[in-house]
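Work through these exercises with the sequence and the model side by side. Try each task before reading its solution.

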Amino acid sequence: ALTAGIVGLPNVGKSTLFNAITQAGAESANYPFCTIDPNVGIVEVPDERLNKLTELVKPKKTVPTAFEFTDIAGIVKGASKGEGLGNQFLSHIRQVDAICHVVRCFEDENITHVSGTVDPISDIETINLELILADLETVTKRFQRVEKLARQKDKDALVEFDILTKLKDAFENEKPARSVEFTDEQLKTVKGLHLLTQKPILYVANVGEDELLDADENPYVKQVKAFAATDAAEVIIISAKVESEIAELDGEEKDMFLEELGIPESGLDQLIKATYSLLGLATYFTAGEQEVRAWTFVKGIKAPQAAGIIHTDFERGFIRAETVSYDDLVDAGSMAVAKERGKVRLEGKEYIVKDGDVIHFRFNV
Ligand code: GDP
């Protein structure tokens, strides 16, 4: 399963946020594929469409889809020099598929800031620089292998040599690999390098609990937004402290509390949605009388693979996917009417599943 890692300097609110994630926590029994590890938090993906489908189909049970956040503690300055904790930190980041970078935007004189003052840009740059230096080392090592072959005019080596040169230039200018433009063909080679700064990233601005309402006016948040724009990254504003309170509430209590706060959606829910899309994930649904359920897939997969997410037998014996788009189904009001209107398609092995598809798989056992 894909996972997003939560990183940030010490004392920025990572643990508080991660505790909110595990508190809000999904029933792991529903998600046998998820990792059982104290550093992994499973979150359910809030999805209005699932509620609507539940109203429509009135199943016995409704199951949202879920994915994982990994808590990555222990960034220290000099991590890229590869000693002890620093090394571990980098290898943990290497294993995640996207990065949520928590940045301190709250003032609190009782809580020490590692560098003495609240300065989100300097915080971001501290971590990014460690990641860039680690990538520079990866690229430098790779150069040593490719250089000789390139001199002998080996074709693949020449192509890679170009790519490595571009990357090295970027790193020496303290720019992440994400910022370098490559063709799709080149990107395949870049992916093979498993660079840390190639991973998609979003910034989480952690503001004080009393600043949540006009957080856009917060000068620190403004700085983070301006920086993120240069990194083609999104910014989610949360108050980790408030999230840890929200996480203890459920259903109606939660809605009431959000209303009191004057926000339509919890920061955690916003973070979950943004991270889901950052990971390139999308949702299809199954809607039977027993169970209405949301399923996560990686964008671009075909119908048999999507069936395999439910059960490997579904993939092996795949015949057809009876498919209707969420919008057409809701418009029709019922599966029967959708069928009458010809909105239910019989899709085959080559069908590329779309976000919001409601699917009934036909398969041989
Ligand atoms: P970590 O080191 O990044 O994991 O940071 P923690 O989550 O342990 O937070 C460090 C301290 O900051 C703790 O005492 C938290 O209670 C506090 N903290 C976290 N978020 C907020 C916030 O939004 N407002 C205030 N005032 N304190 C916060």
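**Exercise 1. The core**

Which residues of the largest nonpolar core touch the most other members?

Solution. Begin with the ground rules. This is a predicted model: local features need pLDDT of at least 70, side-chain atom pairs count only at pLDDT 80 or more, and totals for chains, interfaces and linings use all residues. Residues are numbered from 1 along each chain as its sequence is written.

Step 1: A nonpolar core is a set of buried Ala, Val, Leu, Ile, Met, Phe, Trp, Tyr and Cys residues joined through C-beta atoms within 7 Å. Buried means 20 or more other C-beta atoms within 10 Å of the residue's own, exposed means 12 or fewer, and partly exposed lies in between; C-beta atoms are placed from the backbone.

Step 2: The core has 89 residues, and V103, V204 and A205 touch the most other members. Helix α4 (residues 120-151) gives the largest share of this core, eight residues. Helices (H or I, at least four residues) and strands (E, at least two) are DSSP runs, numbered from the N terminus.

Step 3: Beyond its neighbours within four places in sequence, A205 contacts V103, C105, V221, V224, V235 and I237. Contact means C-beta atoms, placed from the backbone, within 7 Å.

**Exercise 2. The sheet**

Give the strand order, then locate the edges.

Solution. Step 1: six strands form an open sheet, in the order β2-β4-β1-β5-β6-β7, with mixed pairing. Strands pair if DSSP finds at least two bridges between them.

Step 1: β2 (40-44) and β7 (234-238) are the edges; each has a single partner strand, so one side of each lacks a neighbour in the sheet. From one strand to the next, the twist averages 25 degrees.

Step 2: follow β4 (residues 66-71). It runs parallel to β1 (residues 3-7), joined by four bridges. G5 stands opposite T70, and I6 stands opposite D71. With β2, the pairing of β4 is antiparallel, over five bridges. There, I42 has E68 as its bridge partner.

Step 3: sort the β4 side chains. A66, E68 and T70 point one way, F67, F69 and D71 the other, and all are buried.

Step 4: Helix α7 (residues 219-230) lies across β5, β6 (201-206) and β7, at about 160 degrees to β7. Axes are lines fitted to C-alpha atoms, for helices over the stretch in contact; angles run from 0 to 180 degrees between N-to-C directions.

**Exercise 3. The ligand shell**

Which residues come nearest the ligand?

Solution. Step 1: the shell has 17 residues, and G13, K14, S15, T16 and A240 come nearest. A residue counts as near if its C-beta atom, placed from the backbone, lies within 6 Å.

Step 1: name the elements. Those giving two or more residues are α1 (14-23) and α8 (240-246). The largest share, three residues, comes from α1.

Step 2: sort by class. Five are nonpolar, eight polar and four charged. Ala, Val, Leu, Ile, Met, Phe, Trp, Tyr, Cys and Pro count as nonpolar, Asp, Glu, Lys and Arg as charged, and the others, Gly among them, as polar.

**Exercise 4. Positive phi**

Where does E174 lie, and is E174 buried or exposed?

Solution. Step 1: most residues other than glycine have a negative phi. Phi of E174 is near 60 degrees, a positive value.

Step 1: E174 lies in the loop between α5 (155-172) and α6 (184-192). E174 counts as exposed because it has 12 C-beta neighbours inside 10 Å.

Step 2: A232 sits in the loop between α7 and β7. With 11 other C-beta atoms within 10 Å, A232 is exposed.

Terms used
Contact = placed C-beta atoms within 7 Å.
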